[in-house]
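Subject: Structure for you to look at

Hello,

Here is the structure I said I would pass on. Please open it alongside this message; my notes follow below.

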Amino acid sequence: MKISILVAAAALLTAACSSAQAANFEFWYGNTGSVEKAILAQCDAFNASQSANHVTCVGQGSYEVSMQKAIAAYRSNKHPVLIQFFDAGTLDLLLSDAVVPVQDVLPDVDWNNYIKGARSYYETSGGKLYSQPYNASTLLFYVNKTELEKAGVTEMPKTWEDIIEAARKLKAAGHECPYVTNGEPWSMFEQFSARHGLPIASEHNGYDGLNAEYVFNTTFVAKHLQNLVDWRKEGLVKIASDTKAGNYTAAFNSGECAMMENSSGSYTDSAKAFDGKYELSVNLTPMYKGYERHNTFVGGASIYIMKGHEQAEIDGAKAFLDFLRKPEQQMFMTASTGYVPVTTDVLDAIAKSGDAGSRKYATASVGIESMNEPGTPDTRGIRLGFYVQFRSVLMEETQKAFAGTETMQVALDNAKKRGDELLRRFEQTYKTAKLP
Amino acid sequence: MSSESSLFSHRWLPLLLAAPMLLLILIFFYAPIIQAFYWSFFLERPFGGGSEFVGWDNFRRVLADPEFWNAGWRTVIFMVVASSLAVALPLILAVAADRKIRLSLTARNVLVWPKGVAGASIGVVFAFVFNPFVGILAPINHVFPGAWAPGLDGTDAFITLIIAHVWGGIPFNFVILLAGLQSIPRTMFQAAAMDGAGPWRRIFDVQLPLIMPQLFLTLVLEFTESVTSAFALIDTITKGGPGGSTNLLVYKIYTDGFSGYDLSGASTQTAILMVFVAFLTAAQFLLLGRSVNYER
């Protein structure tokens, strides 16, 4: 009784609020730090640029918390119009029936302008874009040039064979940590599979149906991960917990480790940390010899339009999305965070800006190049159920292999088995839903 | 007892006074629990819509999942080891502080301080204290490289968790046990001493039997609390790793439900954990509780 009265009162209050401010709408995001500052600056710039609409940008602290709150808010009908979600939650969103594809809401936009790697991750198997890519990142190869040159390596490594040769020279020169990895699936496993053209699961990583099964334990990635274990024993590779810093980005930035693969989003921090001490080189991620290079996946997040809002709010949201897509806004985001632009016209704009050689755009061209390499149906993205849970399963099993309690092949076979169980349950949960 | 109930003459007044608290418990405890039990019989989609009744399927699946049992066993081991230590250590400290020795007054004060520290903060601090490169065990690693590696070795990580939990549990149990010890009449001690009982004898034959109610209380609370309160420590120190070695049920439920959006799986495990803790407490009351004598 009491609860229902409370609920009714709350509903009345919100109804009163929303009708009073019709052109107001909310945008939820999950980033913190320098990225959050950039997002808020964009919100302010949008509000200052026109008076018809007003966006309120609400930080939720992390992608995961943002998603949790969105789920709770959607269930109680308090959700925002625009919300930023991260890459691994894509399938949950596609099947949620809680969002409208951006391509339906904004049919006149030239969506083919988007770089392929960023687009394919967020589009349906039929090619319809579901969300607007926003803060896009991809995996890049970071090298401490100074340390490598000190050890006599003048040519920056391009292949894994080069890396190991350089690592042996570094080790011989007394360097304790030639290459470091965080052991996380996104960098060590997903991006590796993509650029080597290896499928992670059948049905083209789930794009063609919820009946996909994991296949990664039979592909070349299994060999690569076993190589990492062997190289670690040889003293060429460290995982995050082997380092003094306890965190691989910090281990690289402090000069403890000489090479790493990391998101383009961490470029600004590395460049700042290296300033005056070391020379930083950022390149395409390494390939094994004999493998053709394919595109890397997009990381970061994209913006979805949620269902159940009035037309005035949706119009405001459309204006905001148009604003964020502008080249100068994307350039601002790239310059202040290291995230990669997502439309091809931005590169031209950077070239024309006269700032093209500047450090603040260093990740833009290499990041776009990496995501624009030729793709296959297996390098579009990952569309697998309970994928966030699977990431922690894979992490757990590979940690056992790094600790030496089981071989990498056993670890990957176990991860496949546990992953397939997750996929089957996801399939059953969404039995009546149709994969768009 | 019957005389006390006549303190309130009005029949509804006591209930009215308790109503705000009851309402809070209802909304924030019973409602979510009922929801969890409800969802454990469905396959529930995170954004709602299309949930499907599956009967006992979720329970069958969870109970057949080796990962659930691994997490369950880790929970039991943690519960037994950590809560025994979290009662035994404060007991020793309380017995020491109860004796008229120097600094016992200061010790009583100082030992309560950790109670004011939140679990997550304890976790952050202990992550530093037991860091293999800069922590207190770093010298061991200098002599035997890799001997202490909580980031790689599951046992080391588990030990870190237990120490952090026991440290956090000392103050409350210490206060309860000390209060129990101080309520024992001095005359009993003196009588025992006159009969020729030494200090150890007096501890085992006089003090311990007389603080049984307090011991029982701390044990029951510790056992039930250690199942859930490990969460903040795991989240800040190990995140369930390395290799899942510190993934206790309470953390697994959180990651399954809130990171993995697997509402049904998490609800089912919550239901099982609830029933387990209820059984455990009931068993403690039935088996141990009988032998506790509350009369003095």
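A:K431 and B:E52 form a salt bridge through their side chains, with 3.1 Å from N to O. This is a predicted model, so please read every value as computed from it. In total, the rule finds 4 salt bridges across the interface of chain B and chain A. It also finds 12 residue pairs in polar contact there, both residues being at pLDDT 80 or more.

On the side of chain B that touches chain A, the elements giving two or more residues are α1 (13–39), α2 (57–63), α11 (249–259) and α12 (263–288) of chain B. Of these, α11(B) gives the most, with 4 residues.

The size of an interface is often given as the accessible area lost when the parts come together. Chain B and chain A bury about 3000 Å² between them, and 57% of that is on carbon and sulfur atoms. Chain B puts 31 residues into the contact and chain A puts in 36 residues.

I also looked at one helix within chain A. Helix α8 (residues 160–172) of chain A has 13 residues and spans 18 Å from its first C-alpha to its last, close to the 18 Å expected. Which residues of α8(A) are buried? They are A:W160, A:I163, A:I164, A:A166, A:A167 and A:L170. Seen down the axis of α8(A), these buried residues fall within an arc of 165°, so they line one face of the helix. They pack against several elements of chain A, including β6 (139–144), α9 (185–195) and α11 (220–234). After α8(A) comes A:G174, which has a positive phi, near 95°.

Regards

Note on methods. Residues numbered from 1 in each chain as written. Chains lettered and ligands numbered in written order. Predicted model: local features only at pLDDT ≥ 70, side-chain atom pairs only at ≥ 80, totals over all residues. Heavy atoms only, no water. Expected span 1.5 Å × (residues − 1). Buried < 20%, exposed > 50% of the residue type's maximum accessible area, 1.4 Å probe, protein only. Arc of directions from axis to C-beta. Contact = heavy atoms within 4.5 Å. Buried area = accessible area lost by both parts, 1.4 Å probe. Polar contact = N/O pair within 3.5 Å; in protein donor to acceptor, adjacent residues only side chain to side chain.
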